[in-house]
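Thanks, everyone. Let's walk through one model together, pocket by pocket and helix by helix.

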Amino acid sequence: MSSTAKKFPFHIIVFLAPAVIIYTLFMIYPLIDSLRLGFYAADPDVPGQEIYVGFDNYTRLLTDDQWAPRLIGATRNNFIFFAVHMLVQNPIGLLLAVLLSSQAIKGRTIYRSLIFIPTVLSVVLVGFIWRLILSPLWGISRDILETVGLGNWYQPWLGEESTALITLSLISVWQYVGIPMMLFLAALLSIPDELVEAARVDGATAWSIFWRVKFPLILPTVGIVSILTFVGNFNAFDLIFTVQGAIAGPNFSTDILGTFFYRTFFGQQLQAGNPNMGAAVAGVMFLIILAGVLLYLFGYQRRITQYEF
């Protein structure tokens with residue numbers, strides 16, 4: 001019998017073409033052009049023209065006394081911002097998911113909605129509200145602490161270098177804790193009840209069931225939440241800009257790569273913008289995010305066993 005050659009499924013191209021064209025036009029092309037811009041500089045002899053300078057912009061960014069301290073400081077703050085989310089937001093999200101997946105909790109749907117609502121709020125609105133709450137002049141944070149007998153703990157958290165970044169990180173945690181909660185909750189609800197019942201029959205406690213049965217089964221979701229947190233935090237900008245402005249004060253203590261890129265590319269106050277150096281900053285951000293994603297793909301995901309039920 002002669003085998004009939006299988007026709008190429010051209011309909012797949014038809015279905016994919018609109019999404020691919022739009023994504024390429026608004027995502028891939030700007031990314032490539034931004035990386036290209038980082039290898040050029042303004043021609044001092046011909047206004048409006050650019051000349052190819054290779055890695056000179058990146059060399060200046062890493063070695064020049066004007067650029068290197070700001071880059072190092074922003075990168076360090078960004079890792080602190082990420083660490084707070086990893087150590088506070090994701091564990092709280094997991095804890096909330098475990099509680100809300102329990103049948104013993106009444107009104108679970110209401111709690112899920114209330115916790116997730118801040119996620120859909122505008123970051124500008126969230127930043128403005130928290131700035132009012134924490135304001136030393138008219139904020140209510142001092143009154144709340146005095147009501148519960150902790151008035152001595154009050155301080156202008158957004159106005160001190162030692163506390164501003166952590167405070168903004170916790171505000172971000174408050175807003176976005178609903179995302180890891182929902183992801184963990186979906187993973188926990190997908191675990192068959194038979195596995196949990198079998199563990200109970202064997203005499204396992206609730207603590208043992210979670211750590212020895214449920215947690216190993218949701219490790220792929222833990223990895224996904226971690227890499228989403230990493231990518232999101234190293235793309236962060238709007239909350240810092242809304243609360244502290246482009247200068248990321250006080251004294252650049254809340255400066256992260258997003259705000260550093262904004263100041264460099266568009267300029268601020270008396271500093272003129274430099275699109276070429278801004279593109280170099282964006283290139284550094286891209287490399288950091290790419291390194292984190294590759295570490296996740298080859299160092300974590302390949303080691304995790306996924307189970308299908």
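Start with the second largest pocket, which holds about 580 Å³ of space. A pocket here is an open set of points on a 1 Å grid over the protein atoms alone, where a 1.4 Å probe fits, with protein on both sides within 12 Å along at least five of seven lines. Its volume is the space filled by probe spheres set on the points, with grid points joined across faces, edges and corners.

Before going on, a word on the basis. This is a predicted model, so local features need pLDDT of at least 70 and side-chain atom pairs need pLDDT 80 or more, while totals for chains, interfaces and linings use all residues. Residues are numbered from 1 along each chain as its sequence is written, and side-chain values use heavy atoms, with hydrogens and water left out.

Back to that second largest pocket. It is lined by 19 residues, where lining means having an atom within 4 Å of a point. Val98, Ser101, Ser102, Arg200 and Lys214 lie nearest its centre. Which helices each supply at least two residues of this lining? Helix 3, helix 8, helix 9 (193-201) and helix 10 (206-217) do. Helices are DSSP runs of H or I, at least four residues, numbered from the N terminus. Helix 10 gives the largest share, 6 residues. By class, the lining has 12 nonpolar, 3 polar and 4 charged residues. For the classes, Ala, Val, Leu, Ile, Met, Phe, Trp, Tyr, Cys and Pro count as nonpolar, Asp, Glu, Lys and Arg as charged, and the others, Gly among them, as polar.

Now two of those helices. Helix 3 (residues 68-100) and helix 8 (residues 178-189) have axes that come within 8 Å and cross at roughly 45°. That makes helix 3 oblique to helix 8. Axes are lines fitted to C-alpha atoms, for helices over the stretch in contact, and angles run from 0 to 180 degrees between N-to-C directions. Under 35 degrees is roughly parallel, over 145 roughly antiparallel, 65 to 115 roughly perpendicular, and the rest oblique.

Who touches whom? Contact means heavy atoms within 4.5 Å. From helix 3 the residues include Gln89, Asn90, Gly93 and Leu94. Helix 8 brings Pro180, Met181, Phe184, Leu185 and Leu188. That contact has 10 nonpolar, 3 polar and no charged residues.

Helix 3 also packs on helix 13, at about 150° with the axes 8 Å apart. Arg70, Leu71, Ala74, Thr75 and Asn78 of helix 3 meet Leu257, Phe260 and Arg263 of helix 13. This contact has 4 nonpolar, 2 polar and 2 charged residues.

Next, the loop between helix 12 (238-244) and helix 13, where Pro250 lies. The peptide bond from Gly249 to Pro250 is cis, with omega near 0°. Ala248 lies in that loop too, and its phi is positive, near 55°. For context, most residues other than glycine have a negative phi, and most peptide bonds are trans.

On to helix 13 and helix 14. Their axes come within 7 Å and cross at roughly 160°. They are therefore roughly antiparallel to each other. The crossing is left-handed. Among the contact residues are Phe260 and Phe261 in helix 13, and Met285 and Ile288 in helix 14. The contact has 11 nonpolar, 3 polar and no charged residues.

Last, the largest pocket, about 690 Å³ in volume. Of its 22 lining residues, the closest to the centre are Leu31, Asn235, Met285, Phe286 and Ile289. Helix 1 (10-37), helix 13 (257-266) and helix 14 (275-299) each supply at least two. Helix 1 gives the largest share, 8 residues. The lining divides into 19 nonpolar, 3 polar and no charged.

Note on methods:
A crossing is left-handed if the near helix is turned anticlockwise from the far one by less than a right angle, and right-handed if clockwise.
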